[in-house]
Amino acid sequence: MQINLLRSHVLAGILGLACAWGCDRPGAGPPEPADPAVAASLEPVTVQPAANAEPAPSAEPDGPRPANTDTQGEPEMSTSPKPLKFPVQKSDAEWQALLTPEEYRITRLKGTERAFTGAYWNTKLAGTYECVCCGRKLFVSDAKFDSGCGWPSFFRAIDEDAIVTQEDRSIPPPRVEIMCSNCGAHLGHVFDDGPPPTGLRFCVNSASVRLVPREVAEPGSD
Ligand SMILES: [Zn+2]
């Protein structure tokens, strides 16, 4: 149900928002507001690559960012400013023992890898992208598209419960942060300039996920 929350005013608040991670394209006007019905649609897909973009370094500062403390009377948990509760809970020390320094910085401290540097921004391998922290399946390669922004981009998550969102006002303009619903790992942000059928672009750090290649049926394996 989390995806439906994108239909709320939180997403409406970022209408017109281009990628704030350095993939703004000169002359590119603000995107058309997405039809919420289309955004929530799960119809069969047609992947449409976005316009090319020039490589640009990450414009986002490293390290943790202050949590949003705005109170807008959000009725549901996914976009609530209150701290979110996740099934998988570990201490910072436990996460650090489990992850590489880069994975820890990005997933647990809400960092960002530089554009065009991650392992998966340009991969076309078929498979499932799992949370690097907890293994929760998050995205499938069938929903991956070439956004040109330098990060792996998907037009939808693997299922409606995979991702939770919350408003991110760490840097203007406000964005919608996406997190693993199981452990709260910071994945990236979702924007409304994606291709049909959802019109969404889940912009994900490669370091937040791990690609498990699709298994090929072995001949004569009976
Ligand atoms: Zn996770």
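Reader: Which residues is Cys180 in contact with, if we leave aside its neighbours within four places in sequence?
Author: In this predicted model, and with those neighbours left aside, Cys180 is in contact with Cys131, Cys133, Cys134, Arg136, Leu138, Ala185 and Leu187.

Reader: OK, and which residues touch the most other members of the largest nonpolar core?
Author: That core has 34 residues, and Cys180 is among those that touch the most other members, together with Cys131, Leu138, Ala185 and Phe202.

Reader: Which strands each supply at least two residues of this core?
Author: They are strand E1 (127–131), strand E2 (137–140), E5, E6, strand E7 (186–191) and strand E8 (201–204); the largest share, 4 residues, comes from E6.

Reader: What does E6 pair with on the E5 side, and how many bridges are there?
Author: Strand E6 covers residues 175–180 and is joined to E5 by 6 bridges, with the two strands running antiparallel. Within that pairing, Thr165 stands opposite Ile178 in E6.

Reader: In what order do the strands of that open sheet come?
Author: The open sheet is formed by 6 strands in the order E3-E4-E8-E7-E6-E5, and the pairing is antiparallel. Its edge strands are E3 (144–145) and E5 (163–168), each of which pairs on one side only.

Reader: Switching to E1, which strands does it pair with?
Author: E1 pairs in the antiparallel sense with strand E9 (residues 209–213) over 5 bridges, and E1 is also joined to E2 by 3 bridges, again running antiparallel.

Reader: How many residues lie between the strands in the hairpin of E1 and E2, and which one takes a positive phi?
Author: There are 5 residues between the strands of that hairpin, and Gly135 is the one listed with a positive phi, near 85°.

Reader: What share of the residues counts as buried, and what share of the contacts joins residues 24 or more positions apart?
Author: Of the 222 residues of the chain, 40% count as buried. Among contacts in the chain with a separation of 6 or more, residues 24 or more positions apart account for 71%.

Notes:
Residues are numbered from 1 along each chain as its sequence is written. This is a predicted model: local features need pLDDT of at least 70, side-chain atom pairs count only at pLDDT 80 or more; totals for chains, interfaces and linings use all residues. Two strands pair if DSSP finds at least two bridges between them. A nonpolar core is a set of buried Ala, Val, Leu, Ile, Met, Phe, Trp, Tyr and Cys residues joined through C-beta atoms within 7 Å. A residue is buried if 20 or more other C-beta atoms lie within 10 Å of its own, exposed if 12 or fewer, and partly exposed in between; C-beta atoms are placed from the backbone. Two residues are in contact if their C-beta atoms, placed from the backbone, lie within 7 Å.
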